[in-house]
Amino acid sequence: MTILTIPTGPIEGQKPGTSGLRKKTRVFMGPHYLENYLAATWDGIGGVAGKTLVLGGDGRYFNDRAAQVMLRMAAASGAKKVIVGQNALLSTPAASHLIRLRRADGGIILSASHNPGGPDGDFGVKYNVANGGPAPEGVTARIFEATKTISEYRIAESQDIDLGTIGTARLLDMEIEVVDPVADYQALMEKLFDFPAIKALFAGGFRLRFDAMHAITGPYASAILESTLGAAPGSVVNAVPLPDFGQGHPDPNPIWAKALMDAMFGAQSPDFGAASDGDGDRNMIVGRGIYVTPSDSLAAIAANASHVKAYAGGLKGVARSMPTSRALDRVAERLGIDCYETPTGWKFFGNLLDAGRATICGEESAGTGSDHVREKDGLWAVLFWLNVLAVRKVSVADLMAEHWKSYGRNYYSRHDYEAVDSDAAQKLVDDLRARLPDLPGSEIAGLAVESADEFAYDDPVDASRSEGQGLRFTFDGGGRIVLRLSGTGTEGATLRVYLERVETDPARMHDDPQEALAGIIAAAESLAGIKERTGRDAPDVIT
Ligand code: VG1
Ligand code: CO
């Protein structure tokens, strides 16, 4: 077996975004594209010689080929060992757990997460560090720098490694261990949650519908929810991962998981509905006739942690990304614990979790998780809810009604304008940024602006500073608007507009969120001139 040294040159645009590098699949399949990025990753982490890495992906198109390339490149650069999920599959939270469990130096996750897959869809590569979490900004900056100076990479010449069979193999001096992708993760869930209580819930006739959206969570959900916990066979739908996710968009929200919404709002609906995304780190929670926004789910999880055995001893603190609604803050205040506000992206929670400052974290984009791993975890959130419902013996609707009554309701919605002209989107943000100092004290669409700034985050643990993390506006009476550009899209720019308003009047807590937020929505339009600048009449996606 020989090691080839292949001459190459920098490829533009290999800058990791909110969560790894994401591009069109065909771009990733282009000459040297994946190889360059992996070689730059080795460079950015100080080389892979002697290191142990974890490898897995969400099963999307090109996952299998990319895994073989990664193995040949890791071996050629002297890695000691790679632990791979069978068939190169691992959900993102399972990969995070495996890195921690095996004390690996890091891991490669092949995924573009909630972005569609297939030859005309998206592909992505994430690097996670030794704590199991996404590479922090310092590391991704070094990787990006390396992509700009690369001149060659090393790759072993070999046949494909058999990743379908559990066991060990060798490539040059590197050991490859193929493991069951589900087993270790399931064992962790059994430690955290009261499985007998959830089993009893299902045995009592509780009905579940879990939509795996033809993505990676299928095998995990089938094993845990059906085979172990006894949910009725067929409760997990779209359970077989497909390379193109069955032509779907594996983003668990009311738009892309409409079939689940229809089932939960129809006649004879199940008691509980849930879905997760391409790589299994997001979750969507739906009760019979009620959709729970991710921000509300996060707040409810924190408020009910005392009912779940692994968290019953109390939470050290909680954290949410800045655009996430402030429903969590109210719970933290009641519990007397700190609530941290971080930039968008799970990498910013890592330090807080490592330092024991936060136990539960979440994002408005359907990501919730805890210190059990260093990624958001879709199935974890579903099991958390099931555990709470099993212990408290209430419905989702009753639990949320009671929560709002006790804490107030943070009406919340996100409006996304996708594939907008990049220059127009950038100009919208730049122009608004220039007006920030003049806005406080002024009136926008009848609402008095209380504050207007651009969010920057000073990490309380390592004192690193992250700037330019979104424009935010608060209004008298508890309203808030946040605007930022997405860092995960692969076409033009995606403008995200986050809208929030607190309601404390119990008589007005059951309105339609879009109606309850009408004043805030009008203020966002008047503030940013979105329609005119993007040429769009309405958002592409409203969640
Ligand atoms: C989006 C979400 C963010 C999430 C990120 C990765 O980022 O808003 O909350 O952490 O996706 O999620 P952006 O930059 O597009 O807003 V996943 O499940 O796609 O890895
Ligand atoms: Co994801």
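The following exercises, with worked solutions, concern the ligand sites of a predicted model.

Local features here require pLDDT of at least 70 and side-chain atom pairs pLDDT 80 or more, whereas totals for chains, interfaces and linings use all residues; side-chain values use heavy atoms, without hydrogens and water. Residues are numbered from 1 along each chain as its sequence is written, and chains are lettered from A and ligands numbered from 1 in the order in which they are written.

**Exercise 1. Describe the residues around ligand 1.**

Step 1. Count the shell, taking residues with a heavy atom within 4 Å of the ligand. There are 21 such residues, and the closest are Thr18, Ser113, His114, Thr488 and Arg496.

Step 2. Sort the shell by class, with Ala, Val, Leu, Ile, Met, Phe, Trp, Tyr, Cys and Pro as nonpolar, Asp, Glu, Lys and Arg as charged, and the others, Gly among them, as polar. The shell holds 11 charged and 10 polar residues, and no nonpolar ones.

Step 3. List distances from an oxygen atom of ligand 1 to a side-chain N or O atom. The value is 2.6 Å for arginine 484, 2.7 Å for glutamate 363 and 3.0 Å for aspartate 277.

**Exercise 2. Identify the donors of the cobalt ion (ligand 2) and locate them along the chain.**

Step 1. Collect the donors, defined as N, O and S atoms within 2.8 Å of the metal (3.2 Å for Na, K and Ca); water is not among the atoms, so sites may look incomplete. Ser113 (OG), Asp277 (OD), Asp279 (OD) and Asp281 (OD) coordinate the ion at 1.9 to 2.1 Å.

Step 2. Read the spacing along the chain, which is S-x163-D-x1-D-x1-D. Serine 113 and aspartate 279 are 166 residues apart and link distant parts of the chain. Serine 113 lies in the loop between strand 5 (106–110) and strand 6 (122–129), and aspartate 279 in the loop between strand 12 (272–276) and strand 13 (283–287). Strands are DSSP runs (E, at least two residues), numbered from the N terminus.

Step 3. Serine 113 is buried at 2%, and aspartate 279 is buried at 1%.

**Exercise 3. Characterise the setting of histidine 114.**

Step 1. Locate the residue: histidine 114 is in the loop between strand 5 and strand 6.

Step 2. The side chain of histidine 114 contacts that of arginine 282 at 3.1 Å and that of asparagine 115 at 3.4 Å.

Note on methods
A polar contact is a pair of N or O atoms within 3.5 Å; within protein, one must be able to donate a hydrogen and the other to accept it, and residues adjacent in sequence count only if both atoms are side-chain atoms. Helices (H or I, at least four residues) and strands (E, at least two) are DSSP runs, numbered from the N terminus. Buried means under 20% relative accessible area, exposed over 50%, partly exposed in between (1.4 Å probe, protein chains only).
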